[in-house]
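Good morning, colleagues. Please have the structure open as I speak, and hold your remarks until the end.

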4 protein chains.
Amino acid sequence: MKFGGTSVGEADCIRRVADIVEPHHRAGDEVALVVSACSGITDQIIAIADEVVKSMEQPPIGAFLAAMRTRHTRLLGEVAPDYADEVTAVIDDRLTRLQNILTAVHTLKELTPRSRDYIISFGERLSAPIVAAALRQRGIPSVALDGAEAGIVTTANHGDARALPSSETGIRSRVAPLLAGSVPVIMGFMGATEQGVVTTLGRSGSDYSAAVIGAGVGADEIWIWTDVDGVMTSDPRIIRDARVLNDISYLEVMELSYFGAKVLHPRSIEPAMQKDIPIRVRNTFRPDYPGTIVLRDEHREKRVVKAIALIEKVALVNVNGAQMIGRPGVAKTIFSALAEREVNVMMISQGSSEANISLIVDESHLEAAIAALTPIAKQGVVREVTCDRDVAALAVVGAGMAGTPGTGGRIFSALGRAQINTMMISQGSSEVNVSFVVKGGDGKRALQVLHDEFRLSENSDD
Amino acid sequence: MKFGGTSVGEADCIRRVADIVEPHHRAGDEVALVVSACSGITDQIIAIADEVVKSMEQPPIGAFLAAMRTRHTRLLGEVAPDYADEVTAVIDDRLTRLQNILTAVHTLKELTPRSRDYIISFGERLSAPIVAAALRQRGIPSVALDGAEAGIVTTANHGDARALPSSETGIRSRVAPLLAGSVPVIMGFMGATEQGVVTTLGRSGSDYSAAVIGAGVGADEIWIWTDVDGVMTSDPRIIRDARVLNDISYLEVMELSYFGAKVLHPRSIEPAMQKDIPIRVRNTFRPDYPGTIVLRDEHREKRVVKAIALIEKVALVNVNGAQMIGRPGVAKTIFSALAEREVNVMMISQGSSEANISLIVDESHLEAAIAALTPIAKQGVVREVTCDRDVAALAVVGAGMAGTPGTGGRIFSALGRAQINTMMISQGSSEVNVSFVVKGGDGKRALQVLHDEFRLSENSDD
Amino acid sequence: MKFGGTSVGEADCIRRVADIVEPHHRAGDEVALVVSACSGITDQIIAIADEVVKSMEQPPIGAFLAAMRTRHTRLLGEVAPDYADEVTAVIDDRLTRLQNILTAVHTLKELTPRSRDYIISFGERLSAPIVAAALRQRGIPSVALDGAEAGIVTTANHGDARALPSSETGIRSRVAPLLAGSVPVIMGFMGATEQGVVTTLGRSGSDYSAAVIGAGVGADEIWIWTDVDGVMTSDPRIIRDARVLNDISYLEVMELSYFGAKVLHPRSIEPAMQKDIPIRVRNTFRPDYPGTIVLRDEHREKRVVKAIALIEKVALVNVNGAQMIGRPGVAKTIFSALAEREVNVMMISQGSSEANISLIVDESHLEAAIAALTPIAKQGVVREVTCDRDVAALAVVGAGMAGTPGTGGRIFSALGRAQINTMMISQGSSEVNVSFVVKGGDGKRALQVLHDEFRLSENSDD
Amino acid sequence: MKFGGTSVGEADCIRRVADIVEPHHRAGDEVALVVSACSGITDQIIAIADEVVKSMEQPPIGAFLAAMRTRHTRLLGEVAPDYADEVTAVIDDRLTRLQNILTAVHTLKELTPRSRDYIISFGERLSAPIVAAALRQRGIPSVALDGAEAGIVTTANHGDARALPSSETGIRSRVAPLLAGSVPVIMGFMGATEQGVVTTLGRSGSDYSAAVIGAGVGADEIWIWTDVDGVMTSDPRIIRDARVLNDISYLEVMELSYFGAKVLHPRSIEPAMQKDIPIRVRNTFRPDYPGTIVLRDEHREKRVVKAIALIEKVALVNVNGAQMIGRPGVAKTIFSALAEREVNVMMISQGSSEANISLIVDESHLEAAIAALTPIAKQGVVREVTCDRDVAALAVVGAGMAGTPGTGGRIFSALGRAQINTMMISQGSSEVNVSFVVKGGDGKRALQVLHDEFRLSENSDD
C-alpha cells in the first residue's frame with residue numbers, strides 16, 4: 001500500500017499522477033491519493049471571499065465562477081473525456097454551492113472563520129473529482145472523498161485545525177475498505193469537527209492530511225510528491241553541489257525544518273513517526289527517481305553529518321550580568337517576559353553565570369524581545385541587554401554525531417581555518433544537531449566550508 | 001598604597017604578615033590590612049552559640065571562654081610582648097561581652113540572625129588587636145578597626161549582607177586618614193547597618209571586605225593573601241603540570257569561579273572591577289612570589305585559552321518534545337517550575353525545537369529539578385524529561401577566544417582524537433567561555449587533553 | 001416639542017397614535033415619534049431566524065415573508081390608502097433584503113450576533129414607514145428614519161448596545177432639523193456602530209431610544225406611551241385600590257423598577273435624568289389621561305411614601321459566624337465568590353459581626369449562591385451558610401421619608417399589628433427606600449397592610 | 001464545680017477571692033481559680049521591657065525588681081503570713097529569672113515577640129503563688145499552675161495566641177485531678193506552644209483562659225468576676241436607670257460586645273458556648289449579688305428586647321450609582337478595596353441597586369475607606385463615594401424579637417415620635433439585633449428613648 005500527497009493543476013500534472021498510480025494499481029498495490037486544489041485556485045478563492053465581504057456593490061461573483069468553471073471543465077475534458085458530463089455536473093453543483101455561500105457572505109457582510117474555512121475547502125472540492133475521473137478514464141476505479149468523508153475529525157480551531165485521535169477509527173472504517181480494488185482520491189487540507197463543521201488544517205495541510213490518512217490506514221509508506229528530488233544536504237541556491245539524500249531520520253528532518261528547510265513541516269512528520277511509517281519525498285517531475293526516505297534512525301546507514309541548514313534573518317540577544325540574584329529566578333523572569341510578548345526563541349545558550357544568557361530570535365521578533373527585556377534591566381534584575389542584528393545561525397544535523405567523537409572538532413576546526421569566528425554555540429544532548437552563530441557576512445561561507453568538510457556532495461551510500 | 005586580606009592564627013602567620021607589611025611601610029607605601037579571625041575560631045564560636053541556645057542545662061560558656069583567652073593571649077605574648085598587658089585587657093573586655101551575649105542567648109533560648117551575626121564577629125574582634133599590636137611591636141603605628149569603625153555600611157540581610165554605596169564615603173573619611181603614617185588593621189567579614197546593628201558578609205566575606213575597603217580608599221592594588229601561589233591554569237590535584245597564571249581578567253576569573261575554582265568569589269571581584277583596581281592573589285608562605293594579577297583584559301598580554309575548569313558532581317537534564325505548543329511559553333513554564341523549586345541551572349542549551357532544552361544542574365539539585373519538571377510532562381507541555389547523573393562539565397576560559405577563529409575546532413578536535421564525546425555544548429556570545437559536558441568517566445581525561453592541547457603548562461609570557 | 005415611544009400593530013393603534021400627534025402638530029408643537037415593531041413581529045422574526053440556521057432542509061422563508069407582507073400591507077391599506085403603492089414598494093424592498101439575509105444565514109448555517117441584530121431590526125424597518133405614511137395621510141409631513149439615520153451611535157455590544165455620547169451630535173444634526181414642519185418617525189430599539197453595523201439595544205430598547213432621542217434634541221418632555229395609565233402605587237393585580245401617581249421622582253421610579261415594577265427600565269431614565277427632562281408615562285388607550293410625570297424630586301409635591309413594590313421569587317441566604325477572622329476580608333471573600341458565579345445580590349444586610357451577613361438573591365440564582373459560598377464555609381472562613389427559599393422582599397419607596405422621622409415606625413408598627421414578622425431590613429442612607437423581607441406567605445398581605453397604612457389609594461394631591 | 005477569673009492586687013482583693021472560694025470549697029464544690037497579674041503590674045513589666053531594649057546605658061532593672069519584690073512580698077505577708085518564707089523564695093526565684101531575661105534583652109538589644117510574651121507572663125507568675133498561699137493560709141489545699149502546667153496548648157501566634165483543641169486533653173489530665181480536695185490557682189492570659197514556648201493570649205486573655213479551662217474540665221458554670229454587677233441593659237454612664245440583666249444569651253452578649261459593650265469579649269464566650277456551659281458575670285465587690293448568667297437562649301425566659309448599645313465614633317460611607325455594571329462585581333470590587341486597606345466594616349446595608357451600598361466604619365478607618373473607594377469612583381465602577389462623619393450607630397438586641405412582630409414598629413415609632421430620623425437600618429435574618437444609624441447629636445437621645453420604650457429599667461423577671 002502506498003500513498004501520496006500531490007499538487008495538481010494542469011492536465012500534464014494529473015496525467016503524471018495517473019502514470020505514477022497506474023503501475024502500482026496494476027501490480028496490486030493498495031494506493032490512496034491525497035490531492036490539493038489546482039495550483040493558484042486556493043489563493044483566488046481567498047481573494048474573492050475577501051472582496052465579497054468588503055464590497056458595498058455587487059461583487060464579481062459571476063465572473064469568478066465562470067472562470068473557475070472554464071478552468072476545471074477544460075482540465076476535466078483533457079484528462080477524463082469519457083466522464084466529462086458526469087463530472088461537469090458535480091463541478092456545477094459545487095460551484096452553485098460556492099456561489100450561494102459567497103452571496104450569503106456578501107449579504108451578511110461578515111466572513112467568520114467557519115465560513116472562511118468552508119469556502120477555502122472548495123479548491124479541493126473541485127480538483128478531487130477531476131483526479132478521480134482521470135483515474136477512472138484509465139480503468140482504475142476511483143471515488144473522491146472530502147475530509148469528513150475520509151474520517152478526518154479535527155479540533156474546532158478554524159484555519160489551523162488538528163486531527164483528533166478519533167480520526168484513526170474513522171479513516172480505518174471509511175478509507176481502508178476502498179483500497180481493495182479502487183484508488184480513493186481524498187481532498188487534502190480539510191477535515192470536519194465532531195459536529196460536522198468543515199475545518200482547514202493550516203500550513204502544509206495537505207502533507208499533514210496525507211500523513212494522517214497514511215497513519216490511519218497503517219500504510220507501508222507515505223509518499224509526498226513535490227517539485228524537488230528530495231531532502232538535500234543543504235540549500236542548493238547557496239551550495240551548488242548540494243546533493244539529494246537517500247535517507248534521513250525523522251528527528252534530523254525535523255531539525256532541518258526548524259532551521260528553515262521547507263521540505264517537510266514537522267507536523268506532517270509526527271503522525272508517521274508515531275506509527276513508524278516511512279515517508280518518501282519524491283519529485284512528480286522525475287517519477288523514476290527514488291527521492292529521499294525519512295525513517296527512524298535505526299533503519300538506515302549512518303553518516304556522521306547529514307545536512308547543514310542556514311538561517312540568515314536572525315538576531316542575537318545577550319542578557320548580561322544576571323548572576324547577582326540567583327540564576328533560576330532570572331531565567332524565569334527572562335522567559336516569562338519573552339513569552340508575554342510572544343517572542344519565539346530559536347537558540348538558547350548559557351554556559352556560566354556572569355557571561356550571560358544568549359538568545360537567537362527571528363529578526364522580526366527582535367524589537368519585541370528588546371521591549372520585553374529592557375524593563376528587566378531597568379529593574380536591576382540583569383545588568384544590560386544588548387543585541388546584534390547582523391548574524392546568521394547554522395545547524396549541522398546528523399544523528400551519527402552522537403557516536404563520533406571529534407565531529408565538533410571537525411566543525412570548528414574547519415571554521416577556524418576559514419577564519420570564521422563562532423559567536424555562540426549550542427549543542428543539546430540529543431546530539432543530532434550542533435547549532436552555532438556567526439557574523440551575518442560569514443553565513444554562506446560557513447555553510448560552504450562545512451559542506452565541503454563533511455563531503456556532503458559525495459554520496460557515501462553509493 | 002597596597003592592601004591585603006589574610007588569615008592569621010599562629011604566631012608564625014602574624015610574623016609573616018608583619019614581614020610582608022614592614023618593608024612596604026618603611027618604603028613609604030600606604031598599607032591597610034584586612035584580617036580574618038584566627039583559624040578555627042569562627043567555627044568554634046558558631047558551635048558554642050548553637051549549643052548555648054539549645055542547652056537546657058548550664059552550657060560550658062566558662063570553659064569555652066577560658067580556651068579562647070588562652071589561645072589569644074599566648075599568641076599575643078609571642079608576637080607583641082611589649083603590648084601584652086594593654087591588649088590582654090582589650091581581649092578580656094571583649095570576652096566579657098561575648099560571655100554576656102552567650103548568656104543572654106542561653107537565657108532567652110533564642111538565637112536571632114542579628115544576635116548570631118554579632119556573636120560571629122567576635123572572631124575578628126579578638127584577632128585584629130593582636131595583629132595591630134604585632135605591628136606596633138615592630139615600630140609600625142597601627143590601630144584595629146571593626147567593620148562599622150572602618151565605615152562599611154551594609155544591608156540588613158544578616159549572614160549575607162552587602163556593602164551599600166554609602167560605604168565609600170565612610171571608608172574614605174575613616175580609613176584613608178589613617179594611612180599616612182600608620183597601618184590600620186580592619187576586621188574583615190563584618191559591617192553594620194545604618195542603624196549600627198552588626199552584620200556579617202557571608203562566604204568569602206573577608207576577601208569582600210578587602211575589595212570594598214580597597215575600592216573605598218581608591219587603592220592602587222588589592223592584594224589577597226592565600227595559601228596558594230595564585231590562579232592556576234587548572235586544578236593541580238588533577239593536572240600535575242598545572243601552572244600559576246601571571247595574569248587573568250576579571251571576567252575570566254569570574255567564569256572560573258562559577259565552575260568551581262575557589263580562588264576568588266565573584267562578589268569579591270565586583271568592587272575592584274567597578275573601580276578598575278587590580279587584584280593580586282598571592283601566597284602568604286611565598287611572599288616573594290608575585291602571584292597572579294587580576295585586571296581588565298585590555299591591560300594584559302592575550303593568550304587564547306587561559307584556564308580550564310572541571311565540575312564533576314553535576315547532572316544533565318533533558319526536556320524533550322516541546323515543539324508542539326510554541327517555544328516561548330515552554331521556556332517560561334520550564335524555568336518558572338525550576339525557580340519555584342530553587343533549582344540552580346549552571347548551563348542551558350537549546351539549539352532547535354524538537355531536540356530539546358538541555359540543562360546542567362548541581363547533582364544535589366537534580367531531584368528537585370525532576371520533581372519540578374515531571375508535572376509539566378504529565379500535563380503534556382513537553383513530551384518527556386530524562387536525566388543523566390554521571391556527567392561532568394568543563395569550561396574552557398579565555399578572553400582571547402573571541403578573536404581567534406578555530407579555537408572551538410582545537411577544543412573539539414582534541415577531544416575527538418581522544419575519543420571523548422561531548423554530550424552538550426554551550427558558548428554564549430561573550431566568547432570568554434566554551435562550556436561542554438562529557439560522560440562522568442571522561443571528565444578528568446578531557447581536562448588533561450585540553451590542558452595539553454593549549455600548552456597551558458608552558459608559560460607563554462616568558 | 002413632545003415625544004413618544006409607542007407600540008403599534010393594529011390599524012386602531014396607529015390611528016390612536018395619529019390622533020394623539022395630530023393636535024400637537026396642528027398646535028405648532030414639535031414632535032418626534034419613536035416606534036416599535038408591530039406587536040408579535042419581533043418574536044416571529046427571531047423564531048424564523050433560529051429555524052433557518054438550524055434547518056438542514058429548505059426552511060419556510062417564503063411562507064414567512066408572505067405572511068409578513070400580508071399583515072403589513074393590510075395595515076398600510078387601512079391607515080394610509082393614498083400611500084399604499086409607494087409604501088408597499090418600500091415594504092417589498094425590505095422583505096427582499098430580509099429574504100436575502102435569512103437565505104444567507106441558512107446557507108452558512110451560522111447566526112452571528114451581528115446578523116441576528118440586523119435581522120431583528122426588520123420589525124421596526126417594516127412598521128415605521130407605515131406609521132409615517134399614516135401621518136402623511138392626515139396631511140402631516142413625515143419620514144421614517146432608522147437608528148443610524150437618526151444619529152444613534154452605539155457600542156458594538158450586539159443585542160445589548162448602549163448609545164455613545166457622540167449620539168447627541170448626530171441626533172441634533174439629523175433629527176432636530178426635521179422637527180420644524182414635519183413629524184419624523186424613528187425606529188426604536190436600534191442603532192449602529194461607528195462603522196455602520198446595525199445593533200439592537202436590548203430590553204426596553206424602544207423606551208431607551210425615546211429617551212436618547214429626547215435628550216439629543218433637548219425635548220421639553222419625553223412621553224412614553226404604554227397600555228397602563230402610569231406608575232402606580234403598587235401592583236394592581238394584588239392591591240385592588242392601587243392608584244396611578246401624578247408624579248414620581250427619577251430615583252423613586254428607579255427603586256421601583258429594581259423591585260420589579262415594569263413601567264420604566266432604569267436605563268430609559270438615565271438619559272432623561274442627566275438632562276433633567278421630565279418623562280411622562282401615558283396610556284395610548286386613554287390619551288386624555290395625563291398619566292404620571294417622572295422628574296427630579298425638587299419639582300414635585302412631597303409625599304412621604306409614594307409606592308410599594310413586592311418581589312416574591314427571592315431567597316434569603318445567611319452567612320453566619322464570620323467574626324473570627326476579621327470582617328473586611330470575609331466580605332471580600334463572600335462577594336468575590338458570588339461575583340465569580342454571577343450571582344446578582346438584591347439586598348445586603350449586616351448589622352454586627354456574629355449575627356451574619358444576610359443576602360437576598362433571585363430564586364434562580366440561589367443554587368449558584370449556595371455553590372459559591374459552601375466552599376468558604378468548608379475552608380472555615382465562615383461557620384455556616386443557610387438559606388430560606390420561601391421569602392418575599394418589599395420596598396417602601398418615597399423620597400419624603402428622608403425628612404419624616406417615624407416613617408420606619410409606621411411601617412414596622414403596621415406590620416407588627418398584622419402579626420407579620422420582618423426577617424431582614426435594609427435602609428441605605430439615600431432614605432428613598434426601606435426594604436425588608438418577610439415569609440413568602442406574608443408578602444401580599446404586607447403589601448396591602450402598608451398600602452393601607454400610608455393611604456396610597458387616596459390622592460393627596462387633589 | 002465552679003470557676004472564676006478575677007483581678008487581684010491588694011490584700012483586700014485576695015481576701016475577697018478567698019472569701020468567695022472558701023464556702024464553696026467547704027461545701028464540697030470543686031473549684032479552680034484563674035488569676036491575672038496584680039493590677040498595674042503587667043503595664044509596668046511592658047514598660048521596663050521596652051526601656052531595657054532601647055537603653056544604651058545600664059537600665060534600672062535593679063530598682064524595678066526591688067519595687068516588684070516589695071509589692072509582692074508585702075501582699076504575701078498580709079494574706080499568707082504562715083507561708084511568707086516559702087513563697088518569698090518562689091518570688092525571689094522568679095524575679096531572678098526575670099532579671100536574667102531583662103539583662104539578656106538589654107545585652108542583645110532585641111525584644112523578640114517570643115521574649116516579650118515570656119516577660120509579660122511574669123505578672124501572673126508572681127501573683128498566682130500568693131493567691132495559692134492565701135488559700136492555704138485558710139486551710140484550703142492549693143497549688144499555682146502556669147498555663148503550660150495547666151495544659152493550655154496554643155498556636156505560636158505570640159501576643160494573640162489561641163488555644164488548640166489538644167488543650168482539652170491536657171486540661172483534663174492536669175487540672176481535673178487537682179479539683180478533688182484542692183483549689184488549683186491557674187495563671188490566666190498565658191499558654192505554651194507544643195514545643196513549650198510561652199505565649200500570651202491577647203486582649204481579655206484571662207477571661208479566655210477561664211473559659212478554656214472551664215470547657216476543658218467540663219465545668220457546671222464559668223464565673224467571671226469583674227468590678228461591675230453584670231451585663232446591663234445599656235451604658236449606665238448615659239442611661240441612669242440602666243439595669244443589670246438576670247440573664248442573656250451567648251448570641252445577645254456577642255452582639256452587644258461588637259457594639260462596644262466591654263463586659264465579655266466574644267472569644268471568651270466561644271469555648272463556653274461550644275460546650276453549652278453557662279458563664280456567670282459577677283462583681284467581686286458584691287459577692288452576694290448573683291450577677292448575670294449567659295446561656296443558650298432556650299434556657300431562659302424570653303424578653304423581646306434585652307439591651308441597647310450605642311457607638312458614637314463611627315462614620316457613614318455611601319457608595320452611589322453602582323447599578324450600571326451589575327451588582328455582584330461591584331460588591332466584590334468595593335469589599336476587595338476595603339479589605340486591602342484593612343478597613344473594618346461594622347454595618348452594611350444595600351436595599352436596591354441605585355440607592356447605594358451604605359457602610360458604617362469606625363471613625364479611625366474612615367480615611368482609609370475613602371482612600372480605598374475613591375479610585376473605584378474614578379474608574380467609573382460607581383458614580384460617587386460620599387461620607388458623613390457625624391453619625392452614631394445603635395444596636396437593639398434581643399433574641400425575642402425574632403418571634404414578636406411589631407418590634408421594629410415600636411423601635412421606629414418611638415424614634416419618630418422623638419423626631420429622630422434613621423439614616424440607615426440593617427436587620428439581618430438572625431433577628432437578634434436591629435441596627436440603625438442616626439445623626440451624631442441624636443445618639444444618646446435615641447438610646448434613652450428606646451430604653452424607655454422597652455421599659456428596660458423594669459425587671460420583667462421579677
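This is a predicted model: local features need pLDDT of at least 70, side-chain atom pairs count only at pLDDT 80 or more; totals for chains, interfaces and linings use all residues.

Residues are numbered from 1 along each chain as its sequence is written, chains are lettered from A and ligands numbered from 1 in the order in which they are written, and side-chain values use heavy atoms, with hydrogens and water left out.

Let me begin with chains D and B. Each side brings 11 residues to the contact, where contact means heavy atoms within 4.5 Å. About 1,000 Å² is buried between chain D and chain B, and carbon and sulfur atoms give 62% of that area. Buried area here is the accessible area (1.4 Å probe) that two parts lose on being put together, summed over both.

Four residue pairs, both members at pLDDT 80 or more, are in polar contact across the interface. A polar contact is a pair of N or O atoms within 3.5 Å; within protein, one must be able to donate a hydrogen and the other to accept it, and residues adjacent in sequence count only if both atoms are side-chain atoms. On the chain D side, α4 (84–108) and α5 (113–120) each supply at least two residues, and α4(D) gives the most, with six. Helices (H or I, at least four residues) and strands (E, at least two) are DSSP runs, numbered from the N terminus.

Now the symmetry. A rotation of 180° with 0.4 Å of shift along its axis superposes chain D on chain B, with an RMSD of 0.2 Å. Such superpositions are by least squares on the C-alpha atoms of residues with pLDDT of at least 70 in both copies. The chain D residue that comes closest to the rotation axis is A104(D), at 1.9 Å for its C-alpha. Chain A, in turn, can be laid on chain B with an RMSD of 0.3 Å by a turn of 179° and a shift of 0.2 Å along the axis. That is the relation of a two-fold axis.

I turn to helix α14 of chain B, residues 407–417. Why is it largely enclosed by the rest of the structure? Because nine of its 11 residues are buried, that is, under 20% relative accessible area with a 1.4 Å probe, protein chains only. Among the buried residues are I411(B), F412(B) and L415(B). Their cover includes α14 (407–417) of chain A, and β14 (384–397), β15 (422–427), β16 (433–439) and α15 (443–453) of chain B. Just after the helix, Q419(B) takes a positive phi of about 60°.

Finally, two residues of chain C. S435(C) sits in strand β16 (residues 433–439) and is buried, at 0% relative accessible area. Its side chain makes a polar contact with that of N433(C), at 3.4 Å. Leaving aside neighbours within four places in sequence, the contacts of S435(C) include F259(C), M347(C) and, from another chain, G351(D).

I279(C) lies in strand β9 (residues 279–283) and is buried as well, at 1%. The C-alpha atoms of I279(C) and I224(C) are 7.0 Å apart, although 55 residues separate them along the chain.

Key
Buried means under 20% relative accessible area, exposed over 50%, partly exposed in between (1.4 Å probe, protein chains only).
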